[in-house]
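Colleague: I'd like a walk through this model, feature by feature. Please start with the strands.

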Amino acid sequence: MCPAMRPDEDDVPLDGMSGDELFSGRDGYTYSDYIILPGHITFDAQDVTLDTYVTRKVKLHLPFVSSPMDTVTESQMAIHMALYGGLGIIHCNNTMEEQCAEVRKVKRFENGFILDPFCLPPTATLAEVDAIKHKHGFSGVPITDSGKLGGKLLGFVATRDHDFVKDRSTVVKEVMTQQLVTAPEGCSLEQANKILTDSKKGKLPVVNKSGELVALISRRDLRKNRDYPHASKGASKRLLVGASIHTRPEDKTRVAMLVEAGVDVVVIDSSQGNSRYQEEMVKHIKATHPDVQVVGGNVVCVSQAKNLIAWGVDALRIGMGSGSICTTQEVMAVGRPQATAVYHVCKYARKHGVPCWADGGISNVGKISKALACGASAVMMGSMLAGTDEAPGEYFYKDGVRLKTYRGMGSIDAMSKGTSADRYFSTDAAVRVAQGVSGAVADKGSLKRYLPYLSTGFCPSLPGMGL
């Protein structure tokens with residue numbers, strides 16, 4: 001495939017084919033079936049801007065999205081994807097409560113104004129403070145007369161107040177700090193941050209004229225703002241997070257609970273998105289939760305994309321049986337080679353202002369570049385991220401190699417665990433036919449090193465293509 005196809009002034013024929021020429025036939029191509037010819041370099045790799053819209057309204061600094069698989073994305077993966085400018089989609093192969101708890105962990109991780117801090121009454125014990133720290137990771141707790149947000153602020157308990165108190169039945173009013181530095185309600189985030197910095201405190205309560213607690217600001221969040229300047233955040237300055245759902249009637253309840261938990265993007269997780277079930281779900285979400293961005297799919301054909309766009313989706317997920325542990329194409333005899341699918345669907349969706357995610361077939365940096373060159377706004381990665389520290393599961397050793405479990409959501413293991421059978425329309429089947437397999441992937445270390453490697457690695461290929 002050649003990025004520039006016009007003959008020069010001397011009418012010298014150029015090598016290769018354009019994208020239209022390559023993909024216009026009836027043949028199908030995967031990313032491994034072609035290579036992009038070099039173009040004329042007119043800019044440096046450091047000049048590459050990776051900002052992209054992954055839905056009609058959500059813009060990211062990195063075109064990376066983690067797959068909603070139970071061996072890939074829970075809260076730790078979603079947090080680190082967002083910190084580095086990407087987006088994590090928390091899987092739904094669990095209960096509604098468990099999924100919402102993972103979403104809340106992401107939304108609580110980094111905040112501007114923390115609008116729902118954990119509070120305690122003055123009669124609470126240090127054991128209750130310990131429980132909050134153990135369960136949620138917060139060591140500082142505001143003390144109000146009601147024990148809730150909106151109560152009159154009486155004090156604050158931090159680790160230094162009780163670190164050496166052996167009796168954990170001690171009530172907090174005996175150890176709490178009562179002389180507090182506070183910010184007034186209505187101040188801007190910048191003003192509050194300055195008060196926090198000048199006071200050299202770890203937490204800054206925000207109170208109204210009646211002395212009632214209305215919000216909280218954390219110094220730790222200031223450090224995160226400094227260390228992760230390109231983090232994906234919403235209008236409330238909280239990290240962005242997505243979550244997957246299926247198309248069964250009870251998933252409407254799941255959506256409502258996810259919205260209450262603070263989810264920003266809902267991905268309708270189906271192996272074949274062009275169905276009346278997805279139509280009903282898309283229209284329901286857009287009617288009842290208009291502020292939530294809806295990603296439809298999966299699709300591989302323009303005819304599928306046309307329907308989903310008409311139903312109102314904010315982005316499309318492209319791929320059917322192209323993942324390394326997905327066997328849909330072999331078992332169900334449906335699908336399409338991924339590069340061809342991405343090219344044609346993206347070309348159509350672009351006319352309607354709908355971003356597309358290339359989902360599947362991404363196994364190295366070069367294939368990220370090819371997916372984006374085919375028109376994708378972002379790549380969704382499963383196996384690429386499954387072996388990292390932030391992926392769910394424990395490491396194990398086999399033949400001296402450190403591994404983590406990785407399985408397709410159409411595998412018998414995944415369908416037996418939770419709700420993933422819904423994705424393959426197999427919930428009520430007497431005999432379930434696997435459309436995925438289970439396996440293992442090698443240890444890739446932490447996303448803190450891996451994501452910068454991926455983003456830096458594919459930048460040089462873009463000027464090399466002449467894009």
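Modeller: Two strands pair if DSSP finds at least two bridges between them; strands (E, at least two residues) and helices (H or I, at least four) are DSSP runs, numbered from the N terminus. This is a predicted model, where local features need pLDDT of at least 70, side-chain atom pairs count only at pLDDT 80 or more, and totals for chains, interfaces and linings use all residues. Residues are numbered from 1 along each chain as its sequence is written, and side-chain values use heavy atoms, with hydrogens and water left out.

Colleague: In what order do the three strands of the open sheet come?

Modeller: The order is 7-8-9, with mixed pairing. Strand 7 and strand 8 (residues 203-207) run parallel and share two bridges; in strand 8, Val207 is the bridge partner of Pro184. Strand 7 (183-184) and strand 9 (213-218) are the edges, and each has a single partner strand, so one side of each has no neighbour in the sheet. Helix 6 (residues 189-199) lies across strand 7, strand 8 and strand 9, at about 65° to strand 9.

Colleague: At what angle do helix 2 and helix 3 pack?

Modeller: About 35°, with the axes of helix 2 (residues 75-83) and helix 3 (residues 96-109) 9 Å apart. Axes are lines fitted to C-alpha atoms, for helices over the stretch in contact, and angles run from 0 to 180 degrees between N-to-C directions. On the helix 2 side, Ser75, Ala78, Ile79 and Leu83 meet Glu102, Lys105, Val106 and Phe109 of helix 3, contact meaning heavy atoms within 4.5 Å. Ser75 is buried at 7% relative accessible area, and beyond its neighbours within four places in sequence it contacts Ile90 as well as Glu102, Lys105 and Val106.

Colleague: Which residues touch the most other members of the largest nonpolar core?

Modeller: Tyr34, Phe64, Leu316, Ile368, Val379, Met381 and Leu385 do, in a core of 84 residues. Helix 12 (residues 338-350) gives the most to this core, with eight residues. Apart from it lies another core, of 14 residues, including Val54 and Leu240. A nonpolar core here is a set of buried Ala, Val, Leu, Ile, Met, Phe, Trp, Tyr and Cys residues joined through side-chain atoms within 4.5 Å.

Colleague: Which residues does Asp116 touch?

Modeller: Arg108, Leu149 and Arg238, not counting residues up to four places away in sequence. Asp116 is in the loop between helix 3 and helix 4 (126-136), and its C-alpha atom is 8.6 Å from that of Val214, 98 residues apart along the chain.

How values were computed
Buried means under 20% relative accessible area, exposed over 50%, partly exposed in between (1.4 Å probe, protein chains only).
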